[in-house]
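Subject: Structure handover

Hello,

Here is the structure we spoke about. Please open it before reading on, and keep it beside the text.

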Amino acid sequence: MVNGKIANEIRRIFRDPGVVVIFIVATLAYPLLYKAIYWNEQITNVPVAVVDLSNSPQSRAFLHKWNAAPDICLTHTCTSMAEAEQLLRDQNVHGIIYFPRDFAAQLADPLGQAHISLYCDMSSFLYMKAIYLSCNQVMLEQMRNIQIDRYEQMGMGEEFAWALVQDAPYHEIALFTPTGGYGSFLIPAVLMLILHQTLFFGICMLGGTAREENMDQYSLESLLARAAAYFVIYFGLSVIVLGLYPRLFDIPHVGAIDDILLLIVPYLLAIIFFSLCVSVFIRNRESGLVLLISSSLIFLFMAGISWPKEMIPDAWWYIACCIPYTHGAHAFIHINSMGASLLHTNHFTASAMPEWIALWIQTGAYFLFACLLFFFRKRQGNKAAKQ
Amino acid sequence: MKYIFINIWRVMKRELHMMFARPLYMFASVGVMLLSTFFFLTLMRGGTAEKMPVAVVDLDQTTISRRLIHEMQATPSVDIQLVTNSYPEARIAMQSGKIYGILVIREGFYSDLVDFKRPQLDFYVTNAYTVGGNTAYKQLLTMANLTSGAFQREVLRKKGLPDDIIMHRIQPLAVEGHMVANPWGNYSVYLVSTILPGILGLICLMLTIFAVGFELKMRTSHAWLQAAGGNYTVAMIGKLIPYTLIYIILGVGCHVILYHFAGFPVYGSHARLMFGLLLFIFAMEALGITLIGLLPTLRDALSIGALYSMLGFSLSGFTYPQMSMLAPIKALTYLEPLRHYYLLYVNEALMAGPIQNTIHCMLALVAFMLVSLLVSPRLHSALVNQNYPLK
């Protein structure tokens with residue numbers, strides 16, 4: 001009986017082109033589109049204008065060194081700030097570096113402090129990051145050379161001067177996605193969001209359709225059959241999207257595949273029962289998509305991925321914890337991008353168990369909630385039928 | 001001429017009646033916009049990520065390393081969540097998302113320091129969370145420079161140099177950063193200024209498709225045309241006026257909330273920025289008409305509309321700049337009205353540029369409206385013949 005219902009439900013899905021577009025086409029094509037958008041990962045050669053009033057060998061040496069950084073490209077040399085500001089306003093450059101007239105003189109003065117002004121276009125934070133970080137690195141290097149010169153002039157030995165200038169040099173290592181690319185960071189989170197939202201919208205659509213057609217859909221049997229049908233289809237899709245795509249398209253994938261399979265199970269179940277709960281309130285097949293489309297952005301930001309979770313007000317964070325995406329995305333990033341694990345934990349590998357358990361708790365809670373909602377709906381339906 | 005106005009009024013009355021009969025319209029427009037505005041304005045706590053939790057791994061375990069850690073903990077911009085003598089413990093904390101950066105003080109740090117052997121500090125920063133990792137990195141830099149500066153100052157003081165001269169010795173070269181048009185580096189200003197108009201555009205697109213497509217689905221398009229005296233243009237205008245009024249109110253409300261109450265900066269012209277937002281709203285409505293005209297089945301048009309417009313947030317280039325995208329993707333960005341609105345916003349609100357810099361954005365948005373006229377014959381015949389599947 002239930003088997004027949006599952007088959008029926010699967011047939012219903014594949015006979016519905018609108019749902020097929022959302023379930024299959026969007027789920028499989030969207031990740032590739034996002035990969036294509038963020039293909040280059042890094043932003044390089046951000047155009048910068050130079051205003052060098054000091055026109056000195058020191059400023060030229062600085063610029064020479066900075067121009068060697070891949071992040072930026074010194075494209076324009078201007079004689080005045082006004083000229084450079086014009087370029088920035090017209091978006092021909094995204095930054096300006098300005099050397100005042102006394103730059104060389106201040107450097108030559110053993111007691112002087114030379115200044116450089118740096119102007120960044122804030123229309124995208126990635127411009128600022130590229131310009132600031134690369135300039136800062138050159139600045140620190142040049143600064144140390146100057147300090148060494150000055151200390152040597154004071155009669156210190158070179159070795160002592162170096163020890164003084166940088167008593168503890170630092171060495172930085174970027175973990176997990178060594179390129180530090182924007183796509184490597186965002187795409188894993190987007191993959192999870194695509195699965196979450198397509199399943200969410202699809203279930204709301206199917207629920208709305210069934211209600212339009214006055215199908216008897218509010219029995220426990222139907223609840224289980226529908227959940228099973230969605231699970232079967234989405235398990236296959238998730239294996240492709242979370243398992244295969246990262247390995248084919250150079251998306252971070254340091255996690256073990258069995259961990260990812262294990263994560264998929266409660267993630268899908270939690271989404272399915274969560275969506276079934278919401279779908280009870282959807283009257284028409286189309287109204288769900290119209291009403292809930294903005295939820296994709298809200299879920300993404302609330303989950304604390306592009307904006308750190310530590311900086312999210314508690315009230316929003318508690319709500320976020322009720323959404324399967326929040327735990328699923330963090331667990332996937334921890335496993336897939338950072339090498340945490342569910343099955344292979346040891347003294348050097350973190351466990352993604354807390355998120356995994358949270359997903360199971362959600363599964364249970366949303367299942368019970370869905371049963372309750374279905375029960376009331378059914379009673380309501382029966383009453384309406386009697387009248 | 002008089003009849004045209006009477007007919008438009010009749011269609012409008014019919015539309016208003018339908019609109020208030022179903023709560024969906026108000027929920028999906030006013031409700032969603034209010035919720036989104038409230039959400040995005042309250043999400044970011046001041047808009048700058050300052051203190052991200054980091055860990056310190058103290059392998060040296062000497063008085064000086066402990067004093068160092070103590071000093072770092074006292075620094076207000078640093079949030080040390082974990083001090084440990086085991087690197088794996090710190091790494092596990094990072095893998096489970098508790099911290100974003102690790103500073104390692106190696107064994108022998110103290111003895112190397114006193115021998116002037118320049119012991120090395122190691123930073124580990126996570127790249128799996130961009131904003132968290134970057135902020136942690138800045139913090140670790142502060143911590144390292146703190147160590148270095150303090151040491152130099154001590155030595156120079158012992159040599160009898162006064163403090164102001166020491167300052168210049170320690171920092172003979174300084175870079176003054178100026179963040180043009182967003183001097184606080186406020187992430188909220190940057191993000192919300194494009195996301196909220198984007199959500200409004202999303203609403204306009206989806207609801208326009210719904211309003212037109214629902215007539216096709218319910219087979220009520222004949223009644224609709226009849227109310228308009230059989231005139232397609234009158235039918236369209238009458239139907240869209242009530243929605244457009246709602247969108248305009250939402251758009252103006254959004255502008256007032258962002259740029260007056262929330263205090264987001266506008267260095268250029270308020271009027272042109274608001275005009276641009278209205279053009280963007282109309283362009284999204286027109287895109288909705290185009291989609292339902294091309295695909296006169298409600299659910300297909302809605303699915304495609306949703307997929308198309310969600311891409312706009314990435315393709316507009318406000319997070320990941322368009323200059324770094326592949327050539328074919330760059331071409332795609334022009335098909336998203338949000339891209340043109342974003343460019344207009346940058347010029348008007350941030351750069352205070354002349355109108356010549358945005359006229360092309362405005363023209364592009366107008367082009368979306370003109371394109372929607374091209375589908376009129378197809379949409380008209382769909383309304384008359386009702387020859388598309390219901391679902």
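Which residue of β4(B) does A:Tyr170 stand opposite? A:Tyr170 stands opposite B:Leu121. Please note that the model is predicted.

**How the chains meet**

The contact between the chains takes in 90 residues of chain B and 97 residues of chain A. On the side of chain B that touches chain A, helix α12 (residues 298-315) of chain B provides the largest share, with 11 residues. By residue type, that side of chain B has 56 nonpolar, 25 polar and 9 charged residues.

The pair in the opening question belongs to a strand pairing between the chains. Strand β5 (residues 170-175) of chain A runs parallel to strand β4 (residues 121-126) of chain B, and 6 bridges join them. Another pair in this pairing is A:Leu175, whose bridge partner in β4(B) is B:Thr126. As a general point, strands of a sheet pair through backbone hydrogen bonds, either parallel or antiparallel.

**The sheet that ends in β5 of chain A**

The strand order here is β5(A)-β4(B)-β3(B)-β1(B)-β2(B), which makes an open sheet of 5 strands with mixed pairing. Its edge strands are β5 of chain A and β2 (79-84) of chain B, each of which pairs on one side only. On average, neighbouring strands are turned by 20 degrees against each other, direction ignored.

Helix α3 (residues 63-74) of chain B packs on this sheet and touches β1, β2 and β3 of chain B. The direction of helix α3 of chain B makes about 170 degrees with that of β1(B).

Within the sheet, strand β1 (residues 53-58) of chain B pairs with strand β3 (residues 101-105) of chain B in the parallel sense, over 5 bridges. In that pairing, B:Val57 has B:Val104 as its bridge partner. By contrast, β3(B) and β4(B) run antiparallel and are joined by 5 bridges. There, B:Gly101 stands opposite B:Val125 in β4(B).

Why is β4(B) largely enclosed by the rest of the structure? The reason is that 5 of the 6 residues of β4(B) are buried. A residue is called buried here if 20 or more other C-beta atoms lie within 10 Å of its own.

Strand β3 (residues 95-99) of chain A and strand β4 (residues 114-121) of chain A run antiparallel, with 4 bridges between them. One of the pairs is A:Tyr98 with A:Ser117 in β4(A).

**The core**

The largest nonpolar core has 238 residues, and A:Phe273 and B:Met206 have the most contacts inside it. Helix α8 (residues 187-217) of chain B gives the most to this core, with 20 residues. Leaving aside neighbours within four places in sequence, B:Met206 is in contact with A:Leu289, A:Val290, A:Ile293, B:Leu302, B:Gly305 and B:Ala306.

**Domains**

Chain A is assigned domain 1 (2-39 + 181-386) and domain 2 (46-165), with 49 Å between their C-alpha centres. Chain B is assigned domain 1 (2-45 + 184-385) and domain 2 (49-170), with C-alpha centres 50 Å apart.

**Two loop residues**

Most residues other than glycine have a negative phi. A:Asn45 has a positive phi, near 55 degrees, and sits in the loop between α2 (17-37) and β1 (46-52) of chain A. B:Ala352 also has a positive phi, of about 50 degrees, and lies in the loop between α14 (337-351) and α15 (359-374) of chain B.

Regards

Terms used. Residues are numbered from 1 along each chain as its sequence is written. Chains are lettered from A and ligands numbered from 1 in the order in which they are written. This is a predicted model: local features need pLDDT of at least 70, side-chain atom pairs count only at pLDDT 80 or more; totals for chains, interfaces and linings use all residues. Two residues are in contact if their C-beta atoms, placed from the backbone, lie within 7 Å. Ala, Val, Leu, Ile, Met, Phe, Trp, Tyr, Cys and Pro count as nonpolar, Asp, Glu, Lys and Arg as charged, and the others, Gly among them, as polar. Two strands pair if DSSP finds at least two bridges between them. Domain bounds come from an automatic or database domain assignment. Axes are lines fitted to C-alpha atoms, for helices over the stretch in contact, and angles run from 0 to 180 degrees between N-to-C directions. A nonpolar core is a set of buried Ala, Val, Leu, Ile, Met, Phe, Trp, Tyr and Cys residues joined through C-beta atoms within 7 Å. A residue is buried if 20 or more other C-beta atoms lie within 10 Å of its own, exposed if 12 or fewer, and partly exposed in between; C-beta atoms are placed from the backbone.
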